[in-house]
Amino acid sequence: MSKLKVGLLGYGGAGRVFHAPLIAAEPRLHLHRIGSRDFTNKTLPHGLTGAPIAEVIADPEVDLIVIATPNDSHASLAEQALRAGKHVIVDKPFTLNSNEAASVVAMAADTGKVLSIFQNRRWDGGFLTARKVFNDGHLGSINYGEFHFDRYSPAIKNRWREWERPGAGILYDLGPHLIDQIMCLFGNPDAVTTNVAHQRTGAQVEDFFHIILEFGPARIVAHASSLMPDHLPRISLFGEKSSFFQFGFDGQEAALKQGQHPGDEHWGATPNAELYLMDTDGARTDVPILPGQYEAFYENIADAICDGTELAVTGAQALNVMRVLDAAQLSAKSGHRIRL
């Protein structure tokens, strides 16, 4: 069977670091063309030349369009690609709001094309392990939890994610990852309360958020900061039987930045990983971390297109994440708890 030809839109950090190497790692996919508005100072993979975005979308040989452009272009490009008869993957955040997301999901349903969102953090080793521990029933009913994505990055970079424009800021950047992970375990929240801040000198957009999601009596926090070293647990879950703690930042992003690929030695490792269960009496049991598997995302995409396998990350799931993100933004602006 011939490989599915992929058109990648955008070749900044997301397109170059994540999508291009992960597409190359899936044997049923072939990175056919790269589209961008500007190729200045961009070195493309061997054998590929750049083209205007519209040209890549219109290319009759392209089967799948991957959108890794700035966030405010996601919805319009996804709809253009679906109208052109392409399967579509959109990097997170899916769109700027749930209305845009609903429109894209409806168009995918009408065209019968595969639509998915690049929620690669579902395949972090720490989250895979937390999900297994959760599903195996070791914790019992959860009353509280925290999901952190903290970094110490005091210098403001000259990039669109830190400019005052639609879709910029840490809430759009990291919020979809944490909200998606939480919803994978707990479903749709009942209500949301959010606080955001501009903490770094000269920050144009928020660089801190703290979201409390309510699931019945349980409270689960999604937290991200640009001024906190990664010392707290990435994931902590407190249950009636025992609690779970995961420390250590997944190593796949750093490995990709260093030019490593799935299958290389130590691929999927989490440096300085520490995971353990703690019973209510304080007894501790260490938990081995599962390897990270970012390549599983594109393996699932190829399965869905070629064999009709169920998508791991669906448009409906991404729409629900956007509804929570909308509520989080409304809560941050109004200072009120928002029911969903």
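Trainee: Are Trp-123 and Phe-297 buried or exposed?

Mentor: Keep in mind throughout that this is a predicted model. A residue counts as buried when its relative accessible area is under 20%, and that description applies to both Trp-123 and Phe-297, so the word you want for the two of them is buried.

Trainee: Which kind of aromatic pair do Phe-18 and Tyr-294 form?

Mentor: The structure holds 13 aromatic pairs, and in this one the ring centres of Phe-18 and Tyr-294 are 6.4 Å apart with 45 degrees between the planes. Planes under 30 degrees apart would count as stacked and those over 60 as edge-to-face, so an angle of 45 degrees makes this pair tilted.

Trainee: How many residues apart in sequence are the parts that this pair ties together?

Mentor: Phe-18 lies in helix α1 (residues 13-25), whereas Tyr-294 lies in the loop between β14 (284-286) and α8 (295-307). Both residues are buried, and because of where they lie, the pair ties together parts whose separation in sequence is 276 residues.

Trainee: Which kind of aromatic pair do Trp-123 and Phe-297 form?

Mentor: Their centres are 6.1 Å apart, and the angle between the planes is 75 degrees. Trp-123 is in the loop between β6 (115-118) and α5 (125-135) and Phe-297 is in helix α8, 174 residues apart. Angles over 60 degrees fall in one class, so the pair is edge-to-face.

Trainee: At what distance from the ring centre of Tyr-276 does the charged end of Arg-284 sit?

Mentor: Two arginines can be described in this way, and Arg-234 lies over the face of Phe-149, at 4.8 Å from the ring centre. For Arg-284, whose charged end sits over the ring of Tyr-276, the distance from the centre is 3.9 Å.

Trainee: Is His-177 buried or exposed?

Mentor: His-177 lies in helix α6 (residues 170-186) and touches, among others, Lys-92, Arg-121 and Phe-149. Because its relative accessibility is 5%, His-177 counts as buried.

Trainee: Which strands are the edge strands of the open sheet of 6 strands?

Mentor: The order of the sheet is β3-β2-β1-β4-β5-β6, with parallel pairing, and β5 (residues 87-91) pairs with β6 over 4 bridges. An edge strand here pairs on one side only, which is what is found for β3 (50-51) and β6.

Definitions and conventions: Residues are numbered from 1 along each chain as its sequence is written. This is a predicted model: local features need pLDDT of at least 70, side-chain atom pairs count only at pLDDT 80 or more; totals for chains, interfaces and linings use all residues. Side-chain values use heavy atoms; hydrogens and water are left out. Rings of Phe, Tyr and Trp (its six-membered ring) pair if their centres lie within 6.5 Å; planes under 30 degrees apart count as stacked, over 60 as edge-to-face and the rest as tilted. Helices (H or I, at least four residues) and strands (E, at least two) are DSSP runs, numbered from the N terminus. Buried means under 20% relative accessible area, exposed over 50%, partly exposed in between (1.4 Å probe, protein chains only). A charge sits over a ring if NZ of Lys or CZ of Arg is within 6 Å of the ring centre and within 35 degrees of the ring normal. Contact means heavy atoms within 4.5 Å. Two strands pair if DSSP finds at least two bridges between them. Lists of a residue's contacts leave out its neighbours within four places in sequence.
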